[in-house]
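Here is a short briefing for a reader new to this structure. Please look over the sequence and the model before reading on.

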Amino acid sequence: KSDIDITLEGETLRVSYKPEKELESDKIFIHRGIARRSFDLAWKLSNDLDMNKATATMDRGLLTIEVPFAEERLPKQLKIK
């Protein structure tokens, strides 16, 4: 959790990970399991989303980012007068 950075820059959601220290390459491994390489991913999001209400959670190693629709962009039902 502490190594992952989530930033909202305008309409762009960026998720990046850089481990504090890289694994030593002189060690010999039989099996490494999940790769722990650094990454930097970005997505351009729609204007229909409310970035100020975005939340991020991590459960059992799965990162979930929720960005709700903006209230003014939600469908409205009109009543007939």
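The points below go through strands, salt bridges, surface, pocket and loops in turn.

This is a predicted model. Strands β1 and β2 run antiparallel, and β2 and β3 also pair in the antiparallel sense. The structure holds three salt bridges. The largest pocket has a volume of about 380 Å³.

**Strands and their pairing**

- Strand β1 covers residues 4–9, and strand β2 covers residues 12–17.
- Six bridges join β1 to β2.
- The hairpin of β1 and β2 has two residues between the strands. There, Gly-10 takes a positive phi near 65 degrees.
- On to the next pair: β2 and β3 are joined over six bridges.
- Strand β3 spans residues 39–44.
- Leu-13 has Trp-43 as its bridge partner in β3.

**Salt bridges**

- Arg-14 and Asp-40 meet through their side chains in a salt bridge, at 3.2 Å from N to O. Asp-40 lies in strand β3 and Arg-14 in strand β2, so this pair ties together parts that are 26 residues apart in sequence.
- Asp-40 is partly exposed, because its relative accessible area of 47% falls between the cut-offs of 20% and 50%.
- Arg-14 is partly exposed too, with a relative accessible area of 27%.
- Glu-11 and Lys-44 form another salt bridge, with N to O at 4.0 Å. The pair links distant parts of the chain. Glu-11 sits in the loop between β1 and β2, Lys-44 sits in strand β3, and 33 residues separate them.
- Is Lys-44 buried or exposed? Lys-44 is exposed, at a relative accessible area of 69%.
- Glu-11 counts as partly exposed, at 31% relative accessibility.
- Lys-53 forms a salt bridge with Asp-50, and their closest N and O atoms are 4.0 Å apart.
- Asp-50 is buried, because its relative accessible area of 16% is under 20%.
- Lys-53 counts as partly exposed, at 46% relative accessibility.

**Nonpolar surface**

- Which residues make the nonpolar surface patch of about 290 Å²? The patch is made by Phe-39, Leu-41 and Trp-43.
- Trp-43 lies in strand β3.
- The relative accessible area of Trp-43 is 41%, so this residue is partly exposed. A patch residue needs over 30% relative accessible area, so Trp-43 clears that cut-off.

**The largest pocket**

- The volume of the largest pocket is about 380 Å³.
- The lining is made by 15 residues. Those closest to the pocket centre are Ile-4, Tyr-17, Phe-39, Met-58 and Gly-61.
- Which elements give two or more residues to the lining? They are β2 and β5, the latter covering residues 62–66.
- Phe-39 links two topics, as part of the nonpolar patch and as one of the residues closest to the pocket centre.

**Around β4 and β5**

- Strand β4 covers residues 55–59. Arg-60 has its place in the loop between β4 and β5.
- Arg-60 has a positive phi of about 55 degrees, although it is not a glycine.
- Why does Arg-60 count as exposed? Its relative accessibility is 84%, and the cut-off for exposed is over 50%.
- Leu-62 lies in strand β5. Leu-62 is exposed, with a relative accessible area of 57%.

**Distances along the chain and in space**

- Leu-62 and Ser-46 are 16 residues apart in sequence. In space, their C-alpha atoms are 24 Å apart.
- Asp-48 and Phe-69 are 21 residues apart along the chain. Their C-alpha atoms are separated by 5.7 Å.
- Where is Asp-48 found? Asp-48 is in the loop between β3 and β4.
- Asp-48 is partly exposed, with a relative accessible area of 29%.

Terms used. Residues numbered from 1 in each chain as written. Predicted model: local features only at pLDDT ≥ 70, side-chain atom pairs only at ≥ 80, totals over all residues. Heavy atoms only, no water. Patch = residues over 30% accessible without salt bridge, like charges linked within 9 Å, V, L, I, M, F, W, Y side chains within 5 Å. Areas by Shrake-Rupley, 256 points an atom, 1.4 Å probe, with all protein chains shown as cover. Helix = DSSP H or I, 4+ residues; strand = E, 2+ residues; numbered from the N terminus. Buried < 20%, exposed > 50% of the residue type's maximum accessible area, 1.4 Å probe, protein only. Pairing = 2+ DSSP bridges. 1 Å grid on protein atoms, 1.4 Å probe; cavity = no way out; pocket = protein on both sides within 12 Å on 5 of 7 lines; lining within 4 Å. Points joined across faces, edges and corners; volume = space filled by probe spheres on them.
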